[in-house]
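Subject: Structure handover

Hello,

Here is the structure I am passing on to you. Please open it and keep it in view while you read my notes.

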Amino acid sequence: MFNQTIITGEFSFSGQGTPERPRIWVRLGESNIAPTCQLTSPVDGTIYNQGSPVHMSAVAIDQTGKITRVEFYDGPTKIGEDLTYPYTFEYSNVPSGARSLRAKAIDHHEAMTFSNTAGITVTGGVPSIRVVSPADQSTLYDPDTIVIVAEIDKSYVDNVRQRLPFLKDLRLI
């Protein structure tokens, strides 16, 4: 019986030799190292308005071969890919809310690495505001105190002000 150390590469065993001293031919091949990947855009913490595209870009390097593609993700969902440098993707129709974006570099041997994650927030777009009181076409008498009540679309309000300012002739009232 003999001990053998396994080395990464291609091996072939010859039928020649003795059981005590088998002949082993070892051809060491180039081992594949997974590529590196860094998401360079968007910047973590960026806030976008709904409807605005999000430009994504990544830098991917493979020391032992070639990058075949870079895939772009929103959470676990693949949203696009680029096959050539510079690796970019324009993310359109981004759903509102907190998003977790990253890229994945894949090399010629299908080794892969995920990039850093950029957390962004997409706000709900233009708010819908409705004046509830006073009712449309109401008659108001001077010196009545006028109480104005308005509602704002809840899908827009997340971390936005809880007070809605009113203006008359471009002056805060």
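Where is Ser115 found? Ser115 sits in the loop between β10 (112-114) and β11 (118-123). Strands here are DSSP runs (E, at least two residues), numbered from the N terminus.

Before going further, some ground rules. This is a predicted model, where local features need pLDDT of at least 70, side-chain atom pairs count only at pLDDT 80 or more, and totals for chains, interfaces and linings use all residues. Residues are numbered from 1 along each chain as its sequence is written, and side-chain values use heavy atoms, with hydrogens and water left out.

Back to Ser115. Its relative accessible area is 9%, so Ser115 is buried (buried is under 20%, exposed over 50%, partly exposed in between, with a 1.4 Å probe and protein chains only). Ser115 touches Cys37, Gln38, Leu39, Arg102 and Ala103, leaving out residues up to four places away in sequence. Contact means heavy atoms within 4.5 Å.

Next, the sheet. Three strands form an open sheet in the order β3-β5-β8, with antiparallel pairing. Its edge strands are β3 (36-41) and β8 (87-91), and each pairs on one side only. The twist averages 25° from one strand to the next (axes are lines fitted to C-alpha atoms, and angles run from 0 to 180 degrees between N-to-C directions). Two strands pair if DSSP finds at least two bridges between them. β5 and β8 have 5 bridges, in the antiparallel sense. One detail: Met56 has Phe89 in β8 as its bridge partner.

Now two loop residues. Val43 is in the loop between β3 and β4 (47-49). Val43 counts as exposed because its relative accessibility is 56%. Val43 and Ala118 are 75 residues apart in sequence, yet 6.2 Å apart in space, C-alpha to C-alpha. Val43 touches Ala118, Gly119 and Ile120, again not counting residues up to four places away in sequence.

Gly65 lies in the loop between β5 (54-61) and β6 (67-74). Its relative accessible area is 43%, so Gly65 is partly exposed. Gly65 and Pro35 are 30 residues apart in sequence and 8.8 Å apart in space, C-alpha to C-alpha.

Last, Val131. This residue lies in strand β12 (residues 129-133). Val131 is partly exposed, because its relative accessible area is 48%.

Best wishes

Conventions: Helices (H or I, at least four residues) and strands (E, at least two) are DSSP runs, numbered from the N terminus.
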